[in-house]
Amino acid sequence: MPPINKLIELRLQEAVLAVLPDADVASVLVRPCPDPKFGDYQTNALMGLAKARKLNPRQLAADVFARLNLTDLCERVEIAGAGFLNFHIKRQAQVAALEAAAAGGPLFFEPADKPRTVVIDFSSPNVAKAMHVGHIRSTILGDSLARTLRLLGHRVVTDNHIGDWGTQFGKLLVGWKLHLDAAALKADPIGEMERLYKLVNRLSEADPAVLEEARQELVRLQRGDEENLRIWREMIALSQVQFDTIYERLGVRFDVTLGESFYNPRLQPLVQELVGKGIAVESEGAKVVFFEEIPTLKAHPALVQKSDGAANYTTTDLATMAHRLETWKPDEIVYVTDGRQQLHFQQIFAVFQKWRSGEKVRLAHVWFGSILGEDGKPFKTRSGETIKLTDLLDEAAERALKTVAEKNPTLTEAEQREIARVIGLGAVKYSDLLPNRQSDYVFSWDKMLALNGNTAPYLQYAYARIRSIFRKGNVGAEAEAAPARILLDAPQEVALARRLLNFGIILEAVAEEYRPNFLCNYLYDLAGDFTAFYENCQVLKAEPESRASRLAICDLTARVLKQGLDVLGIETLEQM
RNA sequence: GCGUCCGUAGCUCAAUUGGAUAGAGCUUCUGACUUCGGAUCAGAAGGUUACAGGUUCGAUUCCUGUCGGACGCACCA
């Protein structure tokens, strides 16, 4: 059975169409009430419709109300305020939904009726550089969006667009050929490559001849010089080992990893095509696309070929789009990058409009703000270096370990370490996903690892506490909880049930707006509702019928918490 | 100069097509353990949503202006 809100929504849309046959009912949605005193669900869409048609909103609400038959689901439906419809769900309908989920049915969400194919481009680290804190938001956000869309039944292609081509390889090649420390490369390949780059960078600042040499090496690489290609491929391979290690640690998976260099053969034909179609024109020796018709881009033409004849990242991104369209025929391509690239994406989307105006694909730049230090400046080490991702994850686990050892000293050290790993990783991920992605946020170990407030450890604790009930009561969750009849007596039980039922609405909002923070806030609210239930409703010592019902409610809550955290890429623990 | 984003409680942050009384945590104060994990919970205090206008039945949300901040603006990606 579809979720209750969907059933109401469908019938509401039918009723609206009966009253206003030409209305666009896609925007006629049913939402949870902000305050339970209004009911369980509401719609405010009728006021919007009335406004657009200059109708009296209360009258429209009354007309729609007259066509609505919800007696099987709702105890009552009210017209309220300026034209809200408030729906009070029958207790029995809520119970039926809970029992269906407890009996193994879907967990308060259903697969999309129109599955889409979505390519998600995120993480995008650079060859020969350590992944640092700047990569974390893209990686975590992109992974979470991919997980959400997959759970909702969409076809998702995660594509890691590695930075494996560009001018930095001139300097790297000079360094590799003249200054390579083989032992250091073996011990720490990334560290050695970073050292080489910095070294040559310094040398070329002092000596123009070094800079020229780097330029020459780059040209040789671009022309296909055998030795340079070999070295370049080795740098990529060494870097990929590092990427794989970090992604495995983070639990992030890519379906496809194609570096920028993969698209090199397509660049010149692409430029020719753009010029041939009159989309790109020559300007100051370069090939440029102008946007006279777009006010915000009028002053910002896009360069697709530099005056030296080389393509740039705009060209590469366009070639990448073409490849993705041919390969997967996506309904949607999502780019998860920081907000500083907004102009760039406006440009390539606008070029794409001119170039492939027939394509229906939805292009989305899902951008995010910066991570700041406690001083409000970009997050760096004390000495001003960028913070390496491995160091960050190590420190998270270390800090978590201190707390675990203190709170739970009876566990073995191995157990403590595993718990600390999960908590530390969860804390880092959650603190990245919780803020509205477009705002900058201040990085704080103490806040993300706190056991109070809206944090991953708090949610993991809520989960562990539920699991503890089943351990203590010596009941297997499945065995005892599944067949139970559910009773909603205490107000805390009703509130918790209402929250559980809204899981699917939240998942859909996350997928629609690309905002996992909606889910974070939902899970925190859910944990709060559970705690109120936990404080007020005895489970194990309740009368048999009530006990079985409450165990089932506990199990459903645990499952939603686990599923929700999983969508955020965060693991749960049986004990912590 | 132009553009994008932002300005919400002392601090860090929320707020679901514009929606009903703007919510949390931290901090401060007051309480709650013969009860399932006190790694918890309850209560109190804290607001002219930067400012001034406008649109609307209704604005943190949309429009205009001012102030303040971050970021970006053709041959790096």
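**View 1. Where RNA strand B meets the protein.** Of the RNA strand B atoms within 4 Å of the protein, 51% come from sugar or phosphate, and the rest are from bases. Keep in mind as you look around that this is a predicted model. In all, 61 residues surround RNA strand B, and the closest are K37, N44, K306, S307 and M576. Sorted by class, this surface has 27 nonpolar, 21 polar and 13 charged residues.

**View 2. Helices and strands beside the RNA.** Several elements each supply at least two residues of the surface near RNA strand B, among them α2 (45-53), β4 (84-89), β9 (286-289) and α17 (456-472). Helix α21 (517-536) is on that list too, and α21 gives the most, with seven residues.

View 3. Start with the side chain of K51: one of its N or O atoms is 2.5 Å from a sugar or linking oxygen of RNA strand B. Two further contacts reach bases through the protein backbone. At E284, a backbone N or O atom lies 3.0 Å from a base nitrogen, while a polar backbone atom of L540 is 3.1 Å from a base oxygen.

View 4. Strands β11 (residues 332-338) and β12 run parallel, joined by seven bridges. One pairing to find here is T337 with its bridge partner in β12, W367. Strand β12 (residues 362-368) is mostly covered, with five of its seven residues buried.

How values were computed
Residues numbered from 1 in each chain as written. Chains lettered and ligands numbered in written order. Predicted model: local features only at pLDDT ≥ 70, side-chain atom pairs only at ≥ 80, totals over all residues. Heavy atoms only, no water. Buried < 20%, exposed > 50% of the residue type's maximum accessible area, 1.4 Å probe, protein only. Helix = DSSP H or I, 4+ residues; strand = E, 2+ residues; numbered from the N terminus. Pairing = 2+ DSSP bridges. Near = heavy atom within 4 Å. Polar contact = N/O pair within 3.5 Å; in protein donor to acceptor, adjacent residues only side chain to side chain. Nonpolar A, V, L, I, M, F, W, Y, C, P; charged D, E, K, R; others polar.
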